[in-house]
Amino acid sequence: MALEIAVENTGQALLELLRSMGVKYFIGVAGSDFTMIIDGFARFAVEGKTEIKPIQAPHETCAVNMAHGYYLATGKPPVVMVHSTVGTANALCGLINAAKANVPLILLAGRPPINETGNSGTRDISIHWAQEAFDQGEIVRQFVKWDYELRNFDQLETIVRRAFSIAMTEPRGPVYLTLPRDVMTEEIERDFLIRGETDLTFAASRSFPDREIVREAARIISLAKQPLIITRSFGRNQPAVAELVRLAEMFALPVVEFEMPDCVNFPGNHALHQGFDPSALVPSADVIVVIDCAMPWSPKFATASSKAQVIHIGYDPLQSRIPMWGFPVTLAITGDSAVTVKMLADELGKAAKDQVKEIQQRFNALKKNHRSPPRARDIKNDPLAAVAAHLNEFKTDQMIFVQEYDLGLKRSFIEFDSPGTYWGFSPSGGLGFGMGGALGVKLAHPEKTVVAVVGDGTYLLGAPTPCHMVSASYDLPILWVICNNRGWGALALFTMLTEKGGWWQKAGFPLVNFDVNPKYELIAESCGGWGCAVSELDKLPGALRQALSVVQKEGRQALLNVDCRLPGSV
């Protein structure tokens, strides 16, 4: 049923439209092109319209990554608005992350007024000339599915609904809509007629795989002696994880989560879970099934057999948005991976009846190879592993972990069994996701304890002070754990791997180590939180216990600054 709502300008109409569509949060980094948005939310406050809540983020990095985390936790498209070209530039790294992680971010951006004279929104200060670009959308066009500039009020509903539909249609991804200030302040002298559709997730229907190709894939798998499944993002669809377990169990298929999985794709405690590095299994595998994983293995460290058959599954199994991609392909099954996995399991059920003995033997061998996380007290000389192991001992079903550490929260030392209890960062590696991402997850699940594990470098790139401010302002207490190696630890590792025998052996790593080691815990304290520096790992359990008490009982954020330098390092 259509709605008729009295509005004063285009900006108010936008907010009414988003409210009617079911948008719960409007994350904004305001500028001079927000005047009508600010006044529109003020009107909502007076009128008691609380269905959509404005979230003020003091930096675009915080805003976009918060939206990213919110989507991971809810599956609903988030809305962010930034200021003009300069706000877009600040948001770009997070937008790249969203694009490569297929996050349907609705990124709105103000635009300098088109006209120099006219209504109250036309140009009046110097930035309205200096911030204008010949083509503002060009800034983001490589990393969005669609972009457009709103021309007038009459277009508003059509364009906004189109933005949501394109973003949510698979393969999902961000869209970008620019909103000129003088168009947004255009006075409206008639009621705004909103169509009756209110489904925020409206999109084109899912694409289903070709049944004949699925049958051929099932036939290939049924003949395999050393099969292997590799996935990174399948668990985004949380209910579908059970189908992957059914498929794996039906034919004793080992499952590896790679590289730095961004969710729980397969229960870590399951005997068929074979870790996070496929290098040892790829060379001997005769059939490799790659599901929602752009990079199934590193050609530098593993090579598939020339006789191996490789099946890729996903909405874009050939990774058309990656310019250079040369992995072998026997079959590429396009469509909803959850549907494909279910169809494969159904097909393989017939073949499994004839191979009971072989399947049981493979299962027994894989069960012996499965490794549970070691206890923290058994880990020496690896502080990163020890941090993961200590966190594993404190982990409960009421916790959600968000990780962005460039060397990785060592997943072999912390076990996640339930879908939705762990979220990782984008494969694009645009560092800075972890803090904002954790805030978005907490926004979606206020009843859960959210633990964010970041490195000192990713902490700095995550706009930490704005994130701590948002945590305090909106009652989003997070347990922040900084694995502090006083520099870019991953870069030192990459240098050692690529420059073997290089000059770094004599002179160290210029541009890697930080000469200053800030007291990061004080930044959290400055925003009303609790902080603690942990210099000895045996003190970490006590610090974790106290930090969790602050978060869970006092409702305040807590930060642990953990010294994770390797023994012998400076």
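**View 1. Strand S14 pairs with strand S15 in a predicted model.** Strand S14 (residues 399-404) and strand S15 (residues 422-423) run parallel and share 2 bridges. Two strands count as paired if DSSP finds at least two bridges between them. Helices (H or I, at least four residues) and strands (E, at least two) are DSSP runs, numbered from the N terminus. Phe401 stands opposite Tyr422 in S15. This is a predicted model, in which local features need pLDDT of at least 70, side-chain atom pairs count only at pLDDT 80 or more, and totals for chains, interfaces and linings use all residues. Residues are numbered from 1 along each chain as its sequence is written, and side-chain values use heavy atoms, with hydrogens and water left out.

**View 2. Strand S14 also pairs with strand S16.** Strand S16 (residues 449-455) joins S14 in the parallel sense over 6 bridges. Ala452 in S16 faces Val402. How many residues of strand S14 are buried? The count is 6 of 6, so S14 is largely enclosed by the rest of the structure. Buried means under 20% relative accessible area, exposed means over 50%, and partly exposed lies in between (1.4 Å probe, protein chains only). In a regular strand the side chains alternate between the two faces of the sheet. On S14, one side holds Met399, Phe401 and Gln403.

View 3. All 5 of the 5 residues of strand S9 (residues 227-231) are buried. Pro227, Ile229 and Thr231 point one way, and Leu228 and Ile230 point the other way. S9 and S11 pair over 5 bridges. There, Leu228 has Ile288 as its bridge partner. S9 and S10 pair over 3 bridges. Here Ile229 stands opposite Val255.

**View 4. Two peptide bonds are cis.** Most residues other than glycine have a negative phi, and most peptide bonds are trans. The bond from Glu170 to Pro171 is cis, with omega near -10 degrees. Pro171 sits in the loop between helix H6 (156-168) and strand S7 (175-180). The bond from Phe258 to Glu259 is also cis, with omega near -15 degrees. Glu259 belongs to the loop between strand S10 (255-257) and strand S11 (287-291).

**View 5. Asn102 and Asp475 have positive phi values.** Asn102 is not a glycine, yet its phi is about 55 degrees. Its loop lies between helix H4 (84-100) and strand S5 (106-111). Asp475 has a phi near 55 degrees. Its loop lies between helix H15 (464-473) and strand S17 (478-484). Is Asp475 buried or exposed? Asp475 is exposed, at 62% relative accessibility. Asn102 is partly exposed, at 35%.

**View 6. A nonpolar patch includes Leu497.** Phe301, Leu491, Leu493, Phe494, Met496 and Leu497 make a surface patch of about 540 Å². Patch residues have over 30% relative accessible area and no salt bridge; nonpolar side chains (Val, Leu, Ile, Met, Phe, Trp, Tyr) are joined within 5 Å, like charges within 9 Å. A salt bridge is a side-chain nitrogen of Lys or Arg within 4 Å of a carboxyl oxygen of Asp or Glu. Areas come from the Shrake-Rupley method with a 1.4 Å probe. Leu497 lies in helix H16 (residues 489-498) and is partly exposed, at 40%.

**View 7. A patch of negative charge includes Asp39.** Glu8, Asp39, Glu187 and Glu189 gather on the surface. Asp and Glu count as negative, and each charge is placed at CG of Asp or CD of Glu. Asp39 is in helix H2 (residues 35-47). Its relative accessible area is 44%, so Asp39 is partly exposed.
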